[in-house]
Number of protein chains: 2
Amino acid sequence: MSKKYVYLFKEADGDNKALFGGKGANLAKMTSWGMPVPPGFTITTEACTKYYDDGEVLANEVVEEIFNALERVEKDVNKKFGDEKNPFLVSVRSGARASMPGMMDTILNLGLNDVSVKGLANKTDNPRFAYDCYRRFIQMFSDVVMGVPKSEFEKIIDELKEEKGVKLDTELTAEDLQALIAKFKSVYKKAMKQDFPQDPKVQLTEAVKAVFRSWNNPRAIVYRRMNDIPGSWGTAVNVQSMVFGNMGETSGTGVAFTRDPSTGEKKLYGEYLMNAQGEDVVAGIRTPNSIDHLAQTNLAVYNQFVAIADTLEKENKDMQDMEFTIEEGRLYMLQTRNGKRTARAAIKIACDLVDEGMISKEEALLKIEPKQLDALLHPQFDASILKNIKHISSGLPASPGAACGKVAFSAEEAVERVKNGEKVILVRLETSPEDIEGMYAAEGILTARGGMTSHAAVVARGMGECCVAGCPDLKINEKTKTLHIGSQKFTTEDYISLDGSTGYIYGTALPTINAEVTGDFARIMSWADECRALQVRTNADTPHDAAQAVTFGAEGIGLCRTEHMFFAEDRITAVREMIVSKTVEERKVALDKLLPMQRSDFLGIYKAMKGRPVTIRFLDPPLHEFVPNKPEEIKELAGVMNIPVKDLEATISNLHESNPMMGHRGCRLSITYPEIAEMQTRAVIEAAIEASKDGINVVPEIMIPLVGDVKELKFVKKVVVDTAEKVMAEKKIKLVYHIGTMIEIPRAALTADDIAQEAEFFSFGTNDLTQMTYGFSRDDAGKFLGCYYENKIFESDPFAKLDQVGVGKLVKIAIDLGKKTRPDIKLGICGEHGGDPSTIEFCHNAGLSYVSCSPFRVPIARLAAAQANILNPRKKPLDMATRYVEED
Amino acid sequence: MSKKYVYLFKEADGDNKALFGGKGANLAKMTSWGMPVPPGFTITTEACTKYYDDGEVLANEVVEEIFNALERVEKDVNKKFGDEKNPFLVSVRSGARASMPGMMDTILNLGLNDVSVKGLANKTDNPRFAYDCYRRFIQMFSDVVMGVPKSEFEKIIDELKEEKGVKLDTELTAEDLQALIAKFKSVYKKAMKQDFPQDPKVQLTEAVKAVFRSWNNPRAIVYRRMNDIPGSWGTAVNVQSMVFGNMGETSGTGVAFTRDPSTGEKKLYGEYLMNAQGEDVVAGIRTPNSIDHLAQTNLAVYNQFVAIADTLEKENKDMQDMEFTIEEGRLYMLQTRNGKRTARAAIKIACDLVDEGMISKEEALLKIEPKQLDALLHPQFDASILKNIKHISSGLPASPGAACGKVAFSAEEAVERVKNGEKVILVRLETSPEDIEGMYAAEGILTARGGMTSHAAVVARGMGECCVAGCPDLKINEKTKTLHIGSQKFTTEDYISLDGSTGYIYGTALPTINAEVTGDFARIMSWADECRALQVRTNADTPHDAAQAVTFGAEGIGLCRTEHMFFAEDRITAVREMIVSKTVEERKVALDKLLPMQRSDFLGIYKAMKGRPVTIRFLDPPLHEFVPNKPEEIKELAGVMNIPVKDLEATISNLHESNPMMGHRGCRLSITYPEIAEMQTRAVIEAAIEASKDGINVVPEIMIPLVGDVKELKFVKKVVVDTAEKVMAEKKIKLVYHIGTMIEIPRAALTADDIAQEAEFFSFGTNDLTQMTYGFSRDDAGKFLGCYYENKIFESDPFAKLDQVGVGKLVKIAIDLGKKTRPDIKLGICGEHGGDPSTIEFCHNAGLSYVSCSPFRVPIARLAAAQANILNPRKKPLDMATRYVEED
């Protein structure tokens, strides 16, 4: 039997989102539950994959199945495609496995042509409505399917409205619309060199292809990259009988959530517009009514909708985001899906659903997108300051958080200025999908138009980014790059601040304070800790970061980069002296100056960590990073070192490397200058001894970076052990410490069995490992990665999301080989990937002991680790002895 | 039973060189054949390994075994260690599995002390001899075992000779020597803060430890690195009863070869000195007699020696290098080994041994060190020029070949100047093992003293480097850095030329001509071709190199680097225009200029290769390598391109990369600028079509560099295929071409199964693969590799000899995965490792189809490939269809 590519809603399997997409699966479910769903069919994601496999061609067998399904739906609704009496019209919508709101294409009213429009007019006895549908269809088909710019059509409407002296589209008469249609068709003909297609079947196949193509439009690619959605999934297409919200004042359309997507509060939440089609609500051009208002105008429909919403939430065990249309007083459900929500709402809803007995704790944890937590961890404005400052205006609190930056007037401008190190707020009349990269780059988004479900609001919430929407006070001039709010004028040089939780706008730069893990958030985190098997450590180089991470639940430090301490102003001179030393003796003099500083750094960190394990990485970067470049700095250093400027210049130029990333760094430094490792060991051990006097028992873990051959590690280990023994003999104290290595060089992974002979632990340095495995440096990859995304060579940034195929294979090889030699070897990851949920899942499955990430990512990692263990529980439960439990 | 570490010669297994070392094994054999070998014992290589494993400690059990063996030998010779009447003296010599002449330590006359020296004097009735032995022993023990500088002792001898008005050591009387001994002992005491050890057992254990330590002296480490000898092997120690060549005029010592090590001629060849110990011959201080001369002075001994030499050659089936001593008219054999020989001699001896029916062709091939062939391939002076120029002096033709360079006066100076790009001739009074690196760096070696078996001669022959030795005309002043030859004066700025085959010295720079593969050399090569399974291709970027490689037997081009063509003066401007283009159109204009040039490059190469396969790698290096840096060049280019200088400067600075090795290069260029790949494809295909009109049928192999993900290859492949199809359609000719990739990025190796979906062949680019796998760049590794060698972290340069453990593992992974997808995938290597014999053996065993190396390495590779197949024959014989056979 050959594969089936097209299913009626009533045939499809509502649990198979992979095949039918989220929208198709939910339409199937609703249909099966007897809800008022306009009939239709779904073209599967496999048809999309086939379309691309066949070289962007819609196979005949698929076309046949489409027309076959179409015929069956025609029979169900008793209408005919292109019919002059009772024409059948459909909507064509994308629907991928994961919800990608606004990313792909939709075409409404398909099936209209010069003949069937008359049928529609006669049948509905509403010519104005029929011609309105037709002109909308021509416009949408031309734009979405054929790429004729939307603006050309809008211009014509605007001209006509001016001519007629009306303000709203709804004020145009049927005759006006007929004139408009004639003009639209000639725009189409001029652009496409052919007439607007009159055959509805041609319209349909073209529309289906357009939806498939839209799977790979640039904004969909960016969205997938940001949301870890594989390009190989493809989208389904849903072809559904049209129902009309624009059939007059007893018709309407709207969207609603079963709970407040902003706060999580349990109440029906939504908006609708009468005499409108869906696009009017989403685009945010007219300001819609609250869903509650419907109870006053049509209580029966309202009650029916409330009942359906309730059922949908109970059946799907999650907050629902629903689209509906009222056609001449009759309710139709167009789609439902688990609703996007703010982090705060996600947490509250998860807790509430557990308390309501609807789901288990584990299910609750799985409902929260770990990356979203970021929003809860980011700074808020200091309430005490807000007391004394008045906001200059306000809009809708569309996405919570606080943001502050200079005004940017376009997405491109925002991207550009952020690249140059500025922080900006993107200020727009309204946003559209093309703006997505600029929205991502900006600190926050402010729009003049649109509601809580406008594009700006939905996207910002998804990104966890602050957004204030629909502020009518804004007067934006993109050309002159000026923004007026009331009497105040802002240019690209002026700061504004936004509070996404209140909707308030402040005409100045405001300081922020950090978030805390309390309430529902703390409850979720405690559930996550119960469920996970991976430890979560942090990357921290200062006592401040370490303390911050502890408040976020860090169980230790997985990476303390000693070189970051070297850059501090009070020690850089000593560091430089050390580097330009010509003899071991000179170098030791400089190192002696650094020793007390490093010791006190470590002591501070040990104290902040209160006995949790601390992994300290020895000096890693190429030395030239520390030396001065500017003539005056060189002169100063020469003075301090009492050597001729020329000598110093020569030494510095000698440090130059062709490829510093692959140069004299990491353990190579400790091999050529063992005295550096001696000093660092002394600082680590002496600080630990000092901490032990304060009752803090530290077991320092010394990590040797950039090892590629076990002999390198053996050499440096000897230096460390000899020094540590010497220090302990001097202090007459024995303490336990461990020596391990970063696995960040491919060769280390490939020879991990040898390396484990000497290393007590491995920590995967996936930043460098990614660079070396791919053979490109992070600093330079920008020159071509953009082109790689465009051409779908890469779907995601390998520095943000671990490449599990290549780099991951090396990690697995290293784990296998390392365990062969040392079955109880401690394994962690300390690259920036350590805070990426998909990488954390990989680490869990690969059997690592811990992940380590930046302090602000610790809660994300705790949740992601819990999710990984819920989905794929470790056979051997986590040995609690290896988990840090605070004693006080 | 515990391990046995010490064996008498008569107990040891003469076939186990791994355990007893070469010297020990041969002594055991000679003993078993009843040859006159002074008795003794061998301390095994395992004792050496144990010594290092135990932390450089000689274990008690080993010491016990040594004394036990000593006692048994004492009984055999009926002498006693340290005895005042009949003292037993021994020599202590290193002896590794592979011969490392002069690299490690030897101590003679051990067992002498203030008491036993008298016993020796009485017993031999020759006090002068006894005291000479003692002073030599003190000197040698102090220097070799205790590290007291030799020069301190030499100074004292020189002073004494001056005082006594004598020239030769032999003119010193017994009393003189006794005075010398007293002075020597006080030098020792002053340096060591203790008396010279009088206990012979202490002397012995200290000497054994010194030999073990000498395994890791810097020159031994360098020698091993140059000769691929693993550091893990360790050395054995041979303790042998002393016999004395310095017992008067009926005593003597010498070295001899069964065939001429320079030419391979079958005749006994050697030198000896009467009244001397071995060191005197090797050091080349006195000029020795030819071995033939012995027939005139002691025919019986001569005949005995000839008979032994003959037996040894027959039994060992190879030319022998023997040391012997005559003690008061009696012959003793001290050692034999397969002799080092010049490449020319190696070839002749191998052919002769086959013709004499002594060995098979396969055995003959195994006897030739592939790297040695290099010497035969290097330029010689043009005979027609030599006719018209007179040599200014001559020495012994110690190692063949021609060399030309400026005069360097010390090894350090030679190393330094060669680093700076100079070519030098190292000119020395005599060389010593400390000079080895300088000798390696120099083009050739010229010495004033020493014979054909002097240090300079032996080492130069081993290196395949030109050497003229023992030229008495030289007057060398190291201090003023001047050399006088006759009336001519040379400074470091002056050139001399050496002919190592004639021994002639020319006082000027002489041009050279290339070598040819003829005669015995051609015969060996034809045997090699019969025996090997690997194909041998060449790396060639020009028709000239390609033609050269064909004369050396290349079966195709494995790597044609297109970028090398881009640097030519007539095209660099067009290349630069292409690079700084801002638009695709501008870039195409520049590429159009390059197209005809590239096409003619390829046509030339196809013609030179006469139908052999040609693998062309597309543009690889980062673009900034091509752009001008100098202001005047930038100005010129701006003029050509008709753009402002400032714009061009900005473009150029934009090309800067932090780590160009890991930057925008390789296939990344073809992805961002597909028009480059289009132009190169067009040139490749058009040239092939043009060649086919001349009857040359080329199957071009297009190689995409730096692929890390199959999607990169897929993208570029589409560009190549589309262009190739277009060109073939234009020209109305179909031709076969292949598309493959370099495997040079670790990720490519790890995902080779995916990549083989698109690649018809893999070529391992082991230069880059080594860089990425180790995470260090070739350009920068110099900063620490020296330190790595010193600390034995690395034994060899991973860029010269493939790291089989790490990089090799990736290669094997790639082969396995690649074959899984495409069982008949063609596999080659084109890194510089392709000419390294040990890497070739690895490639053979790993199942590659071919190796590709520089033209001058082709014969080496052919021989190494044959050896690999002889040692480990491929189960499946080479498919001859895949071997190129010239048709004309």
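Predicted model: local features only at pLDDT ≥ 70, side-chain atom pairs only at ≥ 80, totals over all residues.
Residues are numbered from 1 along each chain as its sequence is written, and chains are lettered from A and ligands numbered from 1 in the order in which they are written. Local features need pLDDT of at least 70, side-chain atom pairs count only at pLDDT 80 or more, totals for chains, interfaces and linings use all residues, and side-chain values use heavy atoms, with hydrogens and water left out.

Colleague: Is Q277(A) buried or exposed?

Modeller: Q277(A) lies in the loop between β9 (269-274) and α10 (278-283) of chain A; helices (H or I, at least four residues) and strands (E, at least two) are DSSP runs, numbered from the N terminus. Buried means under 20% relative accessible area, exposed over 50%, and partly exposed in between (1.4 Å probe, protein chains only). Because its relative accessible area is 3%, Q277(A) is buried.

Colleague: With which side chain does the side chain of Q277(A) make a polar contact?

Modeller: A polar contact is a pair of N or O atoms within 3.5 Å; within protein, one must be able to donate a hydrogen and the other to accept it, and residues adjacent in sequence count only if both atoms are side-chain atoms. At 3.0 Å, the partner of the Q277(A) side chain is the side chain of N109(A).

Colleague: Which residues form a salt bridge, with the closest N and O atoms 2.6 Å apart?

Modeller: A salt bridge is a side-chain nitrogen of Lys or Arg within 4 Å of a carboxyl oxygen of Asp or Glu. The rule finds two salt bridges across the interface of chain A and chain B. The pair with the 2.6 Å separation is D803(A) and R747(B).

Colleague: What length does helix α3 of chain B reach from its first C-alpha to its last?

Modeller: The expected span of a helix is 1.5 Å times one less than its number of residues. Helix α3 (residues 60-77) of chain B has 18 residues, for which 26 Å is expected. Its buried residues include V62(B), I66(B) and V73(B). The reach of α3 in chain B is close to expectation, at 26 Å.

Colleague: Why does T518(B) count as partly exposed?

Modeller: T518(B) is placed in the loop between β25 (512-513) and α20 (519-531) of chain B. The C-alpha atoms of T518(B) and A18(B), 500 residues apart along the chain, are separated by 37 Å. T518(B) counts as partly exposed because its relative accessibility is 48%.
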